[in-house]
Amino acid sequence: MTSARESAELVNGRRGQFGPQNSNPGGITLLRERFSCRAFLDEPVSEEALKRILDLANRSPSWCNTQPWTVTLVQGESREALVSELLAAARDSQPAPEIAVPERYEGVHQERRRGAGYALYESAGIERSDTDARAAQALRNLELFGAPCALLITVPRYLGPYALVDVGAYLSYLQLAAQSFGVATILQAALAMHPEAVRKVVPLPADEALVCGISLGYPDLDHPANSFETERNQWSMGPGGEWPLQ
Ligand SMILES: Cc1cc2nc3c(=O)[nH]c(=O)nc-3n(C[C@H](O)[C@H](O)[C@H](O)COP(=O)(O)O)c2cc1C
């Protein structure tokens, strides 16, 4: 078990030494190796590991240190109930997310979106024209890709868009914290498309909006859905930007 002291160290943090002589190869590896896991082993994540992950993720920055995220753990019977409600909702109703989703993707955004989708289909042996197989793969989202548990992330509605920036930062911390304990993750907006189904199973706060879910577990690294890597564009400065900046 985590001792009270270890736990306090994770929550309170410790300021490391910053400077060119103090780069952190462990941190670099963590960032390079993170990926969205779409097939998990049938192996639970212990309560202790989950608590340590949440302790560490709480080190995330937020505007004025408001820490506006609420995290709800779903596992065991509630996990099973959530999956069956989500599958039924996807079959019987239209998506009604509480956070606005993009109406369309344009230009490079659409290209990158397609690229990620095609890479997944290719690795899973799904023909681009096979709409049934693509739909079945998409439904795997609602089965949490086999993960033993998920966290649902909500945010107070009254705080507006900047709270979503805070949540984004938090989610990255959560993913990297999990990975540092050997636990793989995937962020899933797909789990927020039918909030009424989620709220039937999980008593999420009424004055908070469901942003997304994040499934967690030990990765099935031999599964085809985990065999591809998404590409990244070289970063660039905004229009007129120069390097080095003057
Ligand atoms: C806010 C957010 C929502 C996402 N929702 C989903 C989702 O519902 N289903 C899914 O398969 N991947 C989802 N992803 C994962 C992205 O597809 C993935 O991060 C991206 O393709 C880059 O791949 P990588 O995470 O493996 O580097 C989501 C990512 C983010 C940041």
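Helices (H or I, at least four residues) and strands (E, at least two) are DSSP runs here, numbered from the N terminus. By that count, the chain has eight helices and four strands. Residues are numbered from 1 along each chain as its sequence is written. Please keep in mind that this is a predicted model, where local features need pLDDT of at least 70, side-chain atom pairs count only at pLDDT 80 or more, and totals for chains, interfaces and linings use all residues.

**Overall layout**

Reading from the N terminus, the elements follow the order α-α-α-β-α-α-α-β-α-β-α-β. The radius of gyration of the chain (taken over C-alpha atoms) is 19 Å, close to the 18 Å that the globule rule gives for 246 residues, so the chain is as compact as a globular protein of that length. That rule is 2.2 Å times the number of residues to the power 0.38. The C-alpha trace spans about 55 × 50 × 40 Å along its principal axes.

The unreviewed UniProt entry lists residues 31–218 as "domain: Nitroreductase"; such annotations may be inferred rather than shown by experiment. Over this stretch the chain is 45% helix and 15% strand, with 18 Å between the end C-alpha atoms.

**The sheet and its helices**

Two strands pair if DSSP finds at least two bridges between them. The four strands form an open sheet in the order 1-2-4-3, with antiparallel pairing. Strand 1 (70–75) and strand 3 (184–188) each have a single partner strand, so one side of each edge strand is left without a neighbour in the sheet. From one strand to the next, the twist averages 25 degrees. Strand 2 (residues 149–156) and strand 4 (residues 208–217) are joined by eight antiparallel bridges, and Leu 151 has Ile 214 in strand 4 as its bridge partner.

Contact means C-beta atoms, placed from the backbone, within 7 Å; axes are lines fitted to C-alpha atoms, for helices over the stretch in contact, with angles from 0 to 180 degrees between N-to-C directions.

| Helix | Strands touched | Angle between directions |
|---|---|---|
| Helix 4 (residues 76–92) | strand 1 and strand 2 | about 95 degrees with strand 1 |
| Helix 7 (residues 161–180) | strand 2, strand 3 and strand 4 | about 160 degrees with strand 2 |

Key:
Contact = placed C-beta atoms within 7 Å.
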